[in-house]
Amino acid sequence: MGVTKSDLFTEKQNELAKIAKVFAHPARIAILEYLIQSDTCINGDLVQELGLAQATISQHLRELKETGLIKGSIEGVTVCYCIDPIRWTEVQNLFQELFGGFPKISGCC
């Protein structure tokens with residue numbers, strides 16, 4: 001979606017699209033799953049766990065961090081990442097609003 005066309009949509013629609021784009025890559029889903037299971041990690045752990053190059057992992061972490069889904073803290077020469085629980089809940093609520101808007105019983109099609 002071009003920058004010039006995003007103004008045709010609501011802020012919430014643009015935000016949902018941005019978040020959906022982040023969820024659209026299997027490596028980022030794998031990173032999120034790993035962070036959820038481990039509750040924290042060091043970037044090097046992800047390289048070993050996923051088998052992707054350090055640069056690739058860093059790129060995916062940047063995408064996740066830009067949407068606020070994860071946060072990181074520097075500990076010496078390493079960076080520890082974890083799920084941001086407040087943002088995670090916000091994202092859950094945004095998608096729940098979208099999915100919850102569909103009636104459970106529909107005979108339209």
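Close-up 1. E15 is partly exposed at 25% relative accessible area (buried is under 20%, exposed over 50%, partly exposed in between; 1.4 Å probe, protein chains only). The model is predicted, with local features needing pLDDT of at least 70 and side-chain atom pairs counting only at pLDDT 80 or more, while totals for chains, interfaces and linings use all residues. Residues are numbered from 1 along each chain as its sequence is written, and side-chain values use heavy atoms, leaving out hydrogens and water. The side chains of E15 and R87 form a salt bridge with an N to O distance of 2.8 Å (a Lys or Arg side-chain nitrogen within 4 Å of an Asp or Glu carboxyl oxygen). E15 lies in helix α1 and R87 in helix α5, so the pair ties together parts 72 residues apart in sequence (helices are DSSP runs of H or I, at least four residues; strands are runs of E, at least two; both are numbered from the N terminus). R87 is buried, at 13%.

**Close-up 2. The salt bridge between K12 and E97.** The closest N and O atoms of this pair are 2.4 Å apart. K12 belongs to α1 (residues 11-23) and E97 to α5 (residues 85-100), so parts 85 residues apart in sequence are tied together. K12 is partly exposed at 38% relative accessibility, as is E97 at 47%.

**Close-up 3. Surroundings of T67.** T67 sits in the loop between α4 (54-66) and β2 (70-75). Its relative accessibility is 8%, so T67 counts as buried. Leaving aside residues up to four places away in sequence, T67 touches K18, V22 and R87 (contact means heavy atoms within 4.5 Å).
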